[in-house]
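Subject: Structure handover and notes

Hello,

Here is the structure you asked about. My notes on what was found in it follow below.

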Amino acid sequence: MLSNKSIRALAIERQQLHTPWPGDLAGLIRHLGALQLDAIQRIARAHHHQLYNRLPRYREKHLQDAECRREIFEYWSHAAAYLPMDHYRYARVRMERIREGQKHWFEKNAKLCRYVLDRVRAEGALKASDFVRAKGGWWEWSDEKKALEQLFHEGELMVSHREGFQKVFDLPERLLPAGIQTATASDSEYGAHLVRTFLGCHGVGRREEIAYLRRGDKVLVDSAVERMLKSGELLADGAELLLAEDAAREPPRAPRRVQLLSPFDPLVLQRKRLKRLFEFDYQLECYLPAHKRRYGYFCLPILYGERFVGVVDLKAERAAGQLRIAALHWQDRPGAALQASFRRAVDQFARFHGLAGPDYSCTTT
């Protein structure tokens with residue numbers, strides 16, 4: 001079996017962080033399984049940051065273009081996400097659960113859902129503001145918006161695209177490309193899909209990590225793991241699982257180069273897993289009161305080769321046209337090579353967002 005060092009190298013390799021993804025955007029999302037969306041825009045939204053780290057010459061319009069070509073679609077994975085269009089039949093599993101009564105956020109208003117669906121059917125793609133204005137605030141949704149979201153989670157509506165960050169909803173039959181399989185995956189197909197996708201993009205994992213934030217999926221994952229262990233497709237080393245094809249090779253070492261990761265990047269999303277594999281204790285502190293923060297509002301993990309070496313709190317100062325370092329915290333005192341690689345990474349990140357690099361003389365550590 002792989003050593004701890006090799007496990008870390010495999011996890012980094014499968015994430016395509018140091019080796020740019022050789023294919024297209026939709027292929028990358030298929031490899032990752034999902035591209036998590038997030039509304040926080042202190043620098044850029046999390047989905048753009050994740051693609052920037054993996055796709056050469058990525059620009060934000062590329063994600064919109066892939067959605068318009070119907071290569072990807074927006075739905076729910078472990079959270080709100082973009083999914084590859086050819087995984088639609090796996091998304092149908094959750095859609096049917098919601099339709100059959102599994103609650104998401106609120107109780108269904110069947111009468112209002114019928115009214116909303118009839119209007120979309122008759123008028124074409126609509127967004128919540130085409131019905132009534134929201135009452136105000138992110139969670140203070142109008143009843144019509146709740147109905148749209150309910151129909152979206154049931155699969156009766158899909159997201160055509162977003163205007164700003166508002167979802168525009170339409171009927172699936174108007175959006176799904178010809179030839180896409182729409183029959184719901186069976187429980188065994190879905191469980192195996194979750195296992196293969198997770199291990200394919202993470203290298204190693206545990207059952208509870210594969211089922212992370214997936215309500216009702218743990219039993220399906222457990223069943224799939226048992227079948228795949230018996231068939232030889234999976235191997236186990238204690239609680240760790242990996243694809244058999246990965247046990248027979250030594251993954252290459254990652255280059256000593258800094259990557260600034262989004263707090264929602266798949267490599268760091270599961271904090272317990274991150275600490276177990278990389279001995280890196282990380283928390284996103286924007287949800288904490290200011291007086292309880294240790295490192296900063298929106299700190300980005302700093303990956304250097306196969307180690308996490310610190311966190312940096314960056315902020316886009318749009319009016320000044322500059323990326324600012326609000327705080328920088330190293331795990332250990334950085335050497336000259338690490339500091340030089342860090343500055344290159346920050347300057348490149350600033351250019352991606354159309355900003356000047358920070359004034360490093362003002363950096364705090």
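Contact here means heavy atoms within 4.5 Å. The model is a predicted one.

Helix α4 spans residues 60–68, and its buried residues are Leu63, Ala66 and Glu67. They sit on the same side of α4, because the arc they cover around the axis is only 100°. These buried residues pack against α2 (25–32), β1 (35–36), α3 (46–52), β2 (72–76), β3 (80–84) and β4 (158–163). Just after α4 comes Arg70, with a positive phi of about 60°.

One of the residues in helix α3 is His47. Is His47 buried or exposed? With a relative accessible area of 4%, His47 is buried, since the cut-off for that is under 20%. Which residues does His47 touch, leaving aside its neighbours within four places in sequence? The contacts are Leu35, Gln36, Leu37, Asp38, Leu63, Tyr82 and Phe165. Leu63 in that list is also one of the buried residues of α4.

Strand β10 covers residues 299–304, and six of its six residues are buried. In a regular strand the side chains alternate between the two faces of the sheet. In β10, Cys299, Pro301 and Leu303 point one way, while Leu300, Ile302 and Tyr304 point the other way.

β10 pairs with two strands that I can list for you. Strand β9 (residues 258–260) pairs with β10 in the antiparallel sense over three bridges, and Gln259 is found opposite Leu303. Strand β11 (residues 307–317) also runs antiparallel to β10, with six bridges joining the two. Cys299 has Asp313 of β11 as its bridge partner. The hairpin of β10 and β11 has two residues between the strands, and Gly305 there has a positive phi near 65°.

Asp313 comes up again in a salt bridge with Arg42, where the closest N and O atoms are 3.4 Å apart. This pair links distant parts of the chain: Asp313 is in strand β11 and Arg42 in the loop between β1 and α3, 271 residues apart. Both Asp313 and Arg42 are buried.

**Strand β8 and its partners**

Strand β8 (residues 240–243) is covered on both faces. Glu240 and Leu242 are buried on one side, and Leu241 and Leu243 on the other. β8 pairs in the antiparallel sense with strand β6 (residues 204–205) over two bridges, and Gly205 stands opposite Leu241. β8 also pairs in the antiparallel sense with strand β7 (residues 234–237), over four bridges. In that pairing Leu234 is opposite Leu243. Two residues lie between the strands in the hairpin of β7 and β8, where Gly238 takes a positive phi near 65°.

Tyr90 belongs to helix α5 (residues 88–99). Its relative accessible area is 19%, so Tyr90 counts as buried; the limit is under 20%. Along the chain Tyr90 and Ala185 are 95 residues apart, yet their C-alpha atoms are separated by 5.5 Å. Leaving aside neighbours within four places in sequence, Tyr90 is in contact with Ala185, Glu189, Tyr190 and His193.

Glu189 also forms a salt bridge with Arg89, with 3.1 Å between the closest N and O atoms. Here too the pair links distant parts of the chain, with Arg89 in helix α5 and Glu189 in helix α9 (residues 187–202), 100 residues apart. Arg89 counts as buried at 14% relative accessibility, whereas Glu189 counts as partly exposed at 34%.

**Other salt bridges**

How many salt bridges are there? The count comes to 32. Side chains of opposite charge can pair when their charged atoms come close. An α-helix has 3.6 residues a turn, so residues three or four places apart point the same way. Asp118 is partly exposed, with a relative accessible area of 44%, and Arg121 is partly exposed as well, at 42%. Elsewhere, salt bridges that share partners join Glu13, Arg14, Glu245, Asp246 and Arg249 into one network.

Regards

Notes. Residues are numbered from 1 along each chain as its sequence is written. This is a predicted model: local features need pLDDT of at least 70, side-chain atom pairs count only at pLDDT 80 or more; totals for chains, interfaces and linings use all residues. Side-chain values use heavy atoms; hydrogens and water are left out. Buried means under 20% relative accessible area, exposed over 50%, partly exposed in between (1.4 Å probe, protein chains only). Two strands pair if DSSP finds at least two bridges between them. The arc is that of the directions from the helix axis to the C-beta atoms. A salt bridge is a side-chain nitrogen of Lys or Arg within 4 Å of a carboxyl oxygen of Asp or Glu.
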